[in-house]
Amino acid sequence: MNVIRIARGLISPSAISSKCASPSFLAKCGDPGSRRMAAACLHTSNPLCFWLGTPLCAEPLKKKKKMDPAILKARAEKKKGKIEKAIRQLQKHAQSLKPIDEMTVSKKLLGEVHSRTRKNPPVTEEETERRALALKSWTRYKHYQHLAEQDKLSTMILSQESALRELRAESEELYLKAIAINESFLPLTLKGPVNTPPIPGYVAPDGDYIDTTRKW
């Protein structure tokens, strides 16, 4: 009965421990179960029927300051004005596109358009006829050159296919080696002319850079 009361929180552990420690109580505990209960009551640690909750630390609530309604109204109007101003700015620049720096001409060059404009001399009729005949001759020459290259390429392809057929008839192993990819051609490294001659013993820097791209 005492154990049930302890679990429900009706009797404190100190009261039960002092009662269980009395000689009269120990004399009454004749059976082993009662003795184990008495030994549990004499134990100095808390029994399993008690649980400690998490300590909750808090401070008293701060008293709200009473604000003047006029000040609150002025703050709300100010915030509303800022939002309306931002909306007007967005509507003003809604149709403007993002400029491209590479295609934007400076105002200085726009002012010098007339001074930089060059007037070409008029072309005579004989010169116009000569240019037209030259263009026709050049077009005819490139057409015949293209046909000759196509004939040469077709002849080379036919010769290659004929040679592969004859090689396959002789030896299948040689044919497979002939059509295999030559990996020695890759990677391909080409070295051509440069703008400036190389400097002997020059160590290139890491290449720090500063991004000057405009943010929008």
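## Helices and overall layout

Helices (H or I, at least four residues) and strands (E, at least two) are DSSP runs, numbered from the N terminus. By this definition, L110 lies in helix α6, which covers residues 107-111. The protein chain as a whole has nine helices and zero strands, and its pattern along the sequence reads α-α-α-α-α-α-α-α-α.

This is a predicted model, in which local features need pLDDT of at least 70 and side-chain atom pairs count only at pLDDT 80 or more, while totals for chains, interfaces and linings use all residues. Residues are numbered from 1 along each chain as its sequence is written, and side-chain values use heavy atoms, with hydrogens and water left out.

## Confidence of the prediction

The predictor's confidence in each residue is given as pLDDT, on a scale from 0 to 100. The protein chain has a mean pLDDT of 78, and 75% of its residues reach 70 or more. Among its elements, the lowest mean pLDDT (43) belongs to helix α1 (residues 2-8), and the highest (96) to α8.

Over residues 1-13, pLDDT stays under 50. For this stretch the model has 13 contacts (heavy atoms within 4.5 Å) beyond four places in sequence. Where pLDDT is low, the predicted coordinates should not be read in detail.

## Burial, contacts and surface

A residue is called buried under 20% relative accessible area, exposed over 50%, and partly exposed in between, with a 1.4 Å probe and protein chains only. Of the 216 residues of the protein chain, 5% count as buried. Among contacts between residues at least 6 apart in sequence, 30% join residues at least 24 apart.

Accessible areas come from the Shrake-Rupley method with a 1.4 Å probe, and for residues only the protein chains shown count as cover. The accessible surface of the protein chain comes to about 22,000 Å², and carbon and sulfur atoms account for 60% of this surface.

## A nonpolar patch and a loop residue

Patches are made of residues with over 30% relative accessible area and no salt bridge; like charges are joined within 9 Å, and nonpolar side chains (Val, Leu, Ile, Met, Phe, Trp, Tyr) within 5 Å. V105, L109, L110 and V113 make a nonpolar surface patch of about 330 Å². Within this group, L110 counts as exposed because its relative accessible area is 52%.

V123 is placed in the loop between α7 (113-116) and α8 (125-170). With a relative accessible area of 44%, V123 is partly exposed. Apart from neighbours within four places in sequence, V123 is in contact with T128 and R131.

## Salt bridges

Side chains of opposite charge can pair when their charged atoms come close. A salt bridge is a side-chain nitrogen of Lys or Arg within 4 Å of a carboxyl oxygen of Asp or Glu. The whole structure contains five salt bridges. One of them joins E112 to R116, with the closest N and O atoms 3.0 Å apart. E112 is partly exposed at 24% relative accessibility, whereas R116 is exposed at 55%.

In helix α8, R130 and E127 are three residues apart, so about one helical turn separates them. Their side chains meet in a salt bridge of 2.6 Å, N to O. E127 is partly exposed, with a relative accessible area of 24%. Another salt bridge links R168 and E172, whose closest N and O atoms are 3.3 Å apart. R168 is partly exposed at 45%, and E172 is partly exposed at 37%. Salt bridges that share partners also join E127, R130 and R131 into one network.
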